[in-house]
Amino acid sequence: MIVRAANPRRQLKRYEESIAQGGMRLTRQRRHVYEVLLARPDHPTAMEVFLRAKPEMKSLSLATVYNVLETLVQRGLARKVRLDGTSTHYCANTMEHGHFTCVVCGAVLDVPLLDGGELEKLHRLPRGYTVVQQEVSLHGTCATCGKKMTL
Ligand SMILES: [Zn+2]
Ligand SMILES: [Zn+2]
């Protein structure tokens with residue numbers, strides 16, 4: 001099941017309000033970069049966002065894309081995900097979820113927590129430790145690749 005960003009229009013509105021509070025404006029560039037990120041929930045890298053956003057906005061630079069993504073993360077509208085331990089990917093799904101990476105085709109899927117699921121109960125935390133952020137990374141085969149392997 002793919003969890004799409006709740007509602008792109010509402011998220012854009014939240015971004016606009018959040019930026020306004022910081023005394024900034026939702027410029028065309030900021031808006032465009034965010035829209036590109038919201039358009040496909042496939043966890044692109046900053047470079048991928050840049051390549052998708054550039055054709056419609058020739059003036060866009062990679063540095064601007066990095067900046068916009070950074071402000072989105074700071075404002076809680078996107079998060080950084082390290083899927084393979086090296087490159088940073090961006091995810092605009094603000095709901096609690098883990099990531100499932102297909103080891104064959106590399107596709108990354110957002111997987112929601114089950115209702116009432118509590119990750120903290122899966123681990124034996126030392127006394128006095130508190131989890132403030134959790135990143136669940138599952139690896140396996142997606143439905144398509146799994147089917148091909150059993151043929
Ligand atoms: Zn995600
Ligand atoms: Zn696959």
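Me: Helices (H or I, at least four residues) and strands (E, at least two) are DSSP runs, numbered from the N terminus. How many helices and strands does the protein have?

Reply: The protein has five helices and five strands. Their pattern along the sequence is α-α-α-α-β-β-β-β-β-α. This is a predicted model, in which local features need pLDDT of at least 70 and side-chain atom pairs count only at pLDDT 80 or more, while totals for chains, interfaces and linings use all residues. Residues are numbered from 1 along each chain as its sequence is written, and chains are lettered from A and ligands numbered from 1 in the order in which they are written.

Me: What are the overall dimensions of the C-alpha trace, and what share of the residues is buried?

Reply: The C-alpha trace spans about 50 × 45 × 30 Å along its principal axes. Of the 151 residues, 19% are buried. A residue is buried if 20 or more other C-beta atoms lie within 10 Å of its own, exposed if 12 or fewer, and partly exposed in between, with C-beta atoms placed from the backbone.

Me: What share of the contacts joins residues at least 24 apart?

Reply: That share is 55%, among contacts between residues at least 6 apart in sequence. Two residues are in contact if their C-beta atoms, placed from the backbone, lie within 7 Å.

Me: On to H2. Which of its residues are buried?

Reply: Arg-30, Val-33, Tyr-34, Val-36, Leu-37 and Leu-38 are the buried residues of H2. They pack against helix H1 (8-21), H3, H4 and strand E2 (88-91).

Me: What span should H2 have?

Reply: The twelve residues of H2 should span 16 Å at 1.5 Å a residue, and the end C-alpha atoms are 16 Å apart, which agrees. The expected span is 1.5 Å times one less than the number of residues.

Me: At what angle do H2 and H4 cross?

Reply: The axes of H2 (residues 28-39) and H4 (residues 62-74) cross at roughly 75° and come within 10 Å. Axes are lines fitted to C-alpha atoms, for helices over the stretch in contact, and angles run from 0 to 180 degrees between N-to-C directions. H2 and H4 are therefore roughly perpendicular to each other. Angles of 65 to 115 degrees count as roughly perpendicular, under 35 as roughly parallel, over 145 as roughly antiparallel and the rest as oblique.

Me: Which residues make that contact?

Reply: Gln-29, Arg-30, Val-33 and Tyr-34 of H2 make it with Thr-64, Val-65, Val-68 and Leu-72 of H4. They divide into five nonpolar, two polar and one charged. Ala, Val, Leu, Ile, Met, Phe, Trp, Tyr, Cys and Pro count as nonpolar, Asp, Glu, Lys and Arg as charged, and the others, Gly among them, as polar.

Me: And how do H2 and H3 pack?

Reply: H2 and H3 pack at an angle of about 110°, and their axes are 9 Å apart. That makes H2 roughly perpendicular to H3. On the H2 side, His-32, Val-33, Val-36 and Leu-37 meet Val-49, Arg-52 and Ala-53 in H3. This contact of H2 with H3 has five nonpolar residues, one polar and one charged.

Me: Where is His-43, and is it buried or exposed?

Reply: His-43 is in the loop between H2 and helix H3 (46-53). With 22 other C-beta atoms within 10 Å, His-43 is buried. Its phi is near 60°, a positive value in a residue other than glycine.

Me: Changing topic: what is the order of strands in the open sheet?

Reply: The three strands have the order E4-E3-E5, with mixed pairing. Strands E4 (108-112) and E5 (137-140) stand at the edges with a single partner strand each, so one side of each is left without a neighbour in the sheet. Neighbouring strands are turned by 30° against each other on average, direction ignored.

Me: How many bridges join E3 to E4, and how many join E3 and E5?

Reply: Strand E3 (residues 97-102) is joined to E4 by five bridges, running antiparallel. E3 and E5 pair in the parallel sense over four bridges. Two strands pair if DSSP finds at least two bridges between them. Among the bridge partners, Gly-98 has Val-111 in E4, Thr-101 has Val-108 in E4, and Phe-100 has Leu-138 in E5. E3 and E4 form a hairpin with five residues between them, and Gly-106 in the turn has a positive phi of about 85°.

Me: What does Val-111 touch?

Reply: Val-111 touches His-97, Gly-98, Phe-100 and Leu-138, not counting residues up to four places away in sequence. Val-111 counts as partly exposed, with 15 C-beta neighbours inside 10 Å.
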